[in-house]
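Thanks for coming. I have one model to go through, and I will keep it short.

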Amino acid sequence: MEHLASRVPGGSPAQDEVKRFHALWEAAASDIHSTTPDGGGVDAGPVLAALGVKQFREALMQVRVNRGMTLRQLAEASDDGTGERLSASAISNGLHRDSLPSKSFVTKYLSACGLDAEAQREWLQVMAVLEGQALAQNSAQS
């Protein structure tokens, strides 16, 4: 990574770029928002969109881990009162496919993790960007 950081035109020294990228990655792996080592705010949504679908799914997994929840606990917490909840196997499958999970899955998953509507909206915005990128790639291949 230091090699790549050193190639940023007019950028900071390589170590600063590595620290900045690490802060962005940590923000993506937490609840989309975090702070940089110097105390500045970071919105990791664009970072997740730039990194791709796999990293989006990994960041979703990290939300559960950061909350200290098992798959079983998350499954139980996903019951929204309708009796329909995500099973532990559905959660695992949804996060390990090569494609984006569905919007309803992400909403239920994030809600079960305790994220409020505003935080969920930000994750869904990142999903929309990733879906747009996938559509663009599919049309370019056609």
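I will cover confidence first, then the fold, then the core.

This is a predicted model, so to speak of local features I need pLDDT of at least 70, side-chain atom pairs count only at pLDDT 80 or more, and totals for chains, interfaces and linings use all residues. Residues are numbered from 1 along each chain as its sequence is written, and side-chain values use heavy atoms, with hydrogens and water left out.

On pLDDT, the predictor's confidence in each residue from 0 to 100, the chain has a mean of 75, and 61% of its residues reach 70 or more. Over residues 33–43 pLDDT stays under 50. For that stretch the model has 19 contacts beyond four places in sequence, a contact being heavy atoms within 4.5 Å.

Next, the fold. The chain has 8 helices and 2 strands, in the order α-α-β-β-α-α-α-α-α-α from the N terminus. These are DSSP runs numbered from the N terminus: helices are H or I, at least four residues, and strands are E, at least two.

Of the 142 residues, 35% are buried, meaning under 20% relative accessible area with a 1.4 Å probe, protein chains only.

Now the core. A nonpolar core is a set of buried Ala, Val, Leu, Ile, Met, Phe, Trp, Tyr and Cys residues joined through side-chain atoms within 4.5 Å. The largest has 23 residues, and F56, L60, I91, Y109 and W123 touch the most other members. At least two residues each come from α4 (53–66), α5 (71–77), α6 (88–96), α7 and α8 (117–141).

Helix α7 covers residues 103–112, and its buried residues are F105, V106, K108, Y109, L110 and A112. Just after α7, G114 has a positive phi of about 95°.

Conventions
Buried < 20%, exposed > 50% of the residue type's maximum accessible area, 1.4 Å probe, protein only.
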